[in-house]
Structures are given as structure tokens and as C-alpha cells.
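Hi there,

Here is the structure I promised to pass on to you. Have a look at it first, and my notes follow below.

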Amino acid sequence: MTVQTVAVEPFDDQKPGTSGLRKKTRAFRRPHYLECFVQAIFDAIGGASGKTFVLGGDGRAFSPEAAQVILRMAAANGAARVIVGQGALLSTPAASHLIRKRGTDGGIILSASHNPGGEDGDFGVKFNTATGGPAPEPVTERIYAASRDLTDYRIMQTGDADLARLGTQAMGDMLIEVVDPVADYADLMENLFDFRAISALFQSGFRMRFDAMNAITGPYATEVLERRIGAPAGTVIRAVPLPDFGGAHPDPNPTWADTLMAEMMAPDGPDFGAASDGDGDRNMILGRGVYVSPSDSIAVLAANATLVPAYAAGLAGVARSMPTSAALDRVAAALDIECHETPTGWKFFSQLLDANRATLCGEESFGTGSNHVREKDGLWAVLMWLNILAERKESVREILEGHWRRFGRNYYSRHDYEALDAAVAERVVAGLRERLPTLAVQAIDGRTVVLADDFAYTDPVDGSVTPGQGLRIVFGDGARIILRKSGTGTEGATLRLYLERIVAGPDGLTEDAQEALAGIVALAEDLLRIKALSGRTGPDVIT
Ligand code: VG1
Ligand code: CO
């Protein structure tokens, strides 16, 4: 076995976004493209020599080939060991857990998460550090810099490793350890939650539907819900990960999980419904006839966390991304714990979790998690809900409405304008940015603006400042309009418009969210003119 050094011209577009490098599968299949990014990762972390890594992903097209390339490159770069999920499979939270449990130097996750997969879809590569969390900004900056300076990469000339066979095999001086992708993660869940209480709930006739969307959570949900907890067979649907997700868009929201939505909205629908995304870190929560907005979900979980064994002692603090509604803030105030507001992307939570400044974290984009790993975790959120439902013996709707009566309701919605012409998107953003200073001293439409800025985050742990994280207009009554550009798309530019309005109650708590927000939506269009400038008649996805 010899190490080959391949001279290359560097690529100039390997800048990781909100969560890793995402490109069209075809772009990743171009000669040397994946190899250059992987070498840039190794170079950016001071080399791979003597190190141990975790490797796996959501099984989308190109994953098997990519895993073999990464193994041959890790061997050529002197890595000591790579722990690989069987079949190169690992959900994002399971990979994070494995990195931590085995004390490795980090891991490489092959996924473009909620982006569609297949030959015409997207592929992605993400590096997580030894904490188990997504590489923080300084590391992704170093990876990008290394990718631009690259002159060559190193790869072992050898055949494929057998990733179907559990156990250890050698590749040159490096060991490849193929592990069951599900077992360690399922054990972790069993330690956090009261599986017996959840089992009893199912035995009492509770009905659930879990839509794995033909993606990675299928094997995890089947093992945990059906085998260990004893939910009826068939509770988990679309449970086998497919390279193209069966043509589905593996994003758990009302638009893309429409079949599940229809089943849950029927009068005789199941008691509880949930869906997860491509790489298993997102979750959508539904009750019979009710959709739980992710911003409400994290608030409800925080308010009820002490009912769950792992959090019985209370929470050190909570955190939410800036565009996530402020429903969580009121729970934190009631619990008298810290509430942090971070930029979008899980990497900003990791530092707070490490410093024990937060125990639970949430994002409006169907991401919820805790200090059990350093990623958001779809199945964990589902189990949190199940454990709380088992303890409270109330329906999802009763819990949600009770929460609003106690804390008030933050009506919330996100409107996405996808794959816009990049110049058009920039015009919308620049237009608003220019007007921010004047907005801050104005009353618009009878509402007083108390803050209009471009969100900059100061990390309370290390004092680092991350500017430019989204334009926000905050009104005196707590209503907000927020605009930011997506950092995970692979086509044109996607604009996300986040809308929020607070109703303290006791009246007006159960309106339809879009109707309750109609005034704010109209105001946003007046200010931003997204429709006028883009020629679109409305958003592509509403969550
Ligand atoms: C989106 C979400 C963000 C999430 C990120 C990664 O980013 O808005 O909240 O952390 O995806 O999630 P953006 O930049 O497109 O808004 V995942 O499940 O796609 O890794
Ligand atoms: Co994801």
C-alpha cells in the first residue's frame, strides 16, 4: 500500500455554510473536489497524524464512495483509527455521541441534512470537533483558508474497506472499526428517559405515527420506539434510508411531511405525530389536529423538563437562535435561569453547553436538543415529548393551550423565498439594511420600533463577536420582523423572513397563526418589498 500525493489546483468555493459544505451531488463528484475539502479539514486541524475520527452519514447518494475516499485519505494522512457506522451510516446526533463517548479527535459527517439527495440533489460534508459539536467559526474559517491554499492531497492506493462487516480491519497502519450505528445512541436515550412510563402510555392505547421520511432516523426510531419501548410495529413509517430519500424532500415541516400532516389533522388521527429530517437532527411535533411550532416546542420542553429523569434536577440555562420566537424567554424568566440568544446554527450552542450555561437549546427550524450531545437531536425531542405526555396524561393540544394560558402566546411563522436570483436577494437585504438607522426612530403602522439592527452576537463564554447574523426590527409590544439569507442552500439565494407577534391572553390565544400574523406579514412586505422585487406571488414554504 503506497501513499499517493496528488497535485491539484485549489477550488475557491469550499466555504462551509451554516452547517458544513453543501453542494450539488454532481459538484461533489467532480474529480478531486471531495478530496480537496477533506485535505483542507485535515490541514486546518493540524494534520490527522495519530488521531482518531468518527465517520458516517445519512446514506444519501455518493456517501458510500465518499466514505471510502475519506478512509483512504485518513490512512494516507497518518490517522490512527476511524470509527465508522456500519454501511457508512450515522445520524448527526449519533455521530456527535460517538465522538464524545469514544473521546475521539472529531468526526466527519456525510450529509446535506434537510436538502434533497440523489444524483440531482445535494451532498454535504461537515466536520465536528472533539467536543462532538459542529466546527466553530474559527475552525471553519481555517478550513476555508486551507482549501484555497491547497497544492496537493494525500490518498492511500488500496482497495475498498468492507463497511458491511462489524469489527476492526486494517488499512495500512490505520485501524478501521465498523460499529453498529444505532446501539450506543439507543442506550443513551434509554439512560435519559423513563422508557417504562412511555411503554405504559403505549399499552394504554396511545397511538403515534413517526415519519422518518426515508432518511436516517428510520433505524434509530424503529429500534427505540418499536423494539425498546414497545410501540406497535408500523408506528415508524418510511423507515428505510434511501439514497434519494425516495424522491422525498427530507425536511420535517408541514409542506414536505404533508401525508403525515393530513393523517394527524383527521378527526380520528393518532394522538401524537412526529417527523425527522435527512440526517436525524430535526423534528416536527404534532398532536391530533394540532401543529406545534418549533419555537413553542422548545418552550414547552423547558417548562416541563423536570418531569424527565435526565433533567429532574433542573436546567442550568436555555438558549435559542435569534430568529426563534421569544416564547422560551418567558419560561426562562419564570424558572429564573439564563436565556441566551445566539446566531442561527448549532455551533453557537455548543460552547454554551460545554460551559454549562445552557441545558436545553432550540431553533425555529425544527431543531431542539440538550447537553446530552452537541448537535440538535430529532428523536431526543420526540422522546422528551413522549416522556412529558406520559407524565402529564394530557393531550398535546391540552399541554400547548395550557402553556399559552400561563405564558401568553408568541404567534410565529417563517416565510421562505427559495432559490431567488442572488442579485435580487441581495437587493432586498441591502434595501432593508440601508433603512435600519431611520427605522429605529419611527413608528410604523401604529407600532413603535424599539430596535432595528443587524444582529451581532457576543459569546458570553469567550467574548468573541460574530457580526452580520440577520436584520431585525423589534417593536415595543415584542413583535418582530427578521430577515436573513440562508446558509445551507445550493441554488441561488434563499431569503428567510421570520414573523412574530405576542398575545398575552387570556383571549385570542387559539387563532390560526397565519391569520394572527396577517398584519405583520403585510407590514413586512411594505418594508421589504420581497414580492415586488422578486416577482414572486408569495413564499415557497411557510412554517
Ligand atoms: C438552516 C436553519 C438553521 C439550522 C441549519 C442547519 O440554516 O435555518 O436553523 O441550524 O439549517 O440545520 P439556514 O442558514 O439555511 O437558515 V440542518 O438540520 O440542515 O443541519
Ligand atoms: Co439536519
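In sequence, the residues that donate to the cobalt ion (ligand 2) follow the spacing S-x163-D-x1-D-x1-D. They are Ser113 (OG), Asp277 (OD), Asp279 (OD) and Asp281 (OD), at 1.9 to 2.1 Å. Donors here are N, O and S atoms within 2.8 Å of the metal (3.2 Å for Na, K and Ca), and water is not among the atoms, so sites may look incomplete. Aspartate 277 and aspartate 279 are both buried (under 20% relative accessible area, with exposed over 50% and partly exposed in between; 1.4 Å probe, protein chains only).

A word on the basis: this is a predicted model, where local features need pLDDT of at least 70, side-chain atom pairs count only at pLDDT 80 or more, and totals for chains, interfaces and linings use all residues. Residues are numbered from 1 along each chain as its sequence is written, chains are lettered from A and ligands numbered from 1 in the order in which they are written, and side-chain values use heavy atoms, leaving out hydrogens and water.

Now to alanine 274, which lies in strand 12 (strands are DSSP runs of E, at least two residues, numbered from the N terminus). Alanine 274 counts as buried because its relative accessibility is 0%. Beyond its neighbours within four places in sequence, alanine 274 has contacts that include Phe210, Leu260, Ile285 and Val382 (contact means heavy atoms within 4.5 Å).

Best wishes

Terms used: Helix = DSSP H or I, 4+ residues; strand = E, 2+ residues; numbered from the N terminus.
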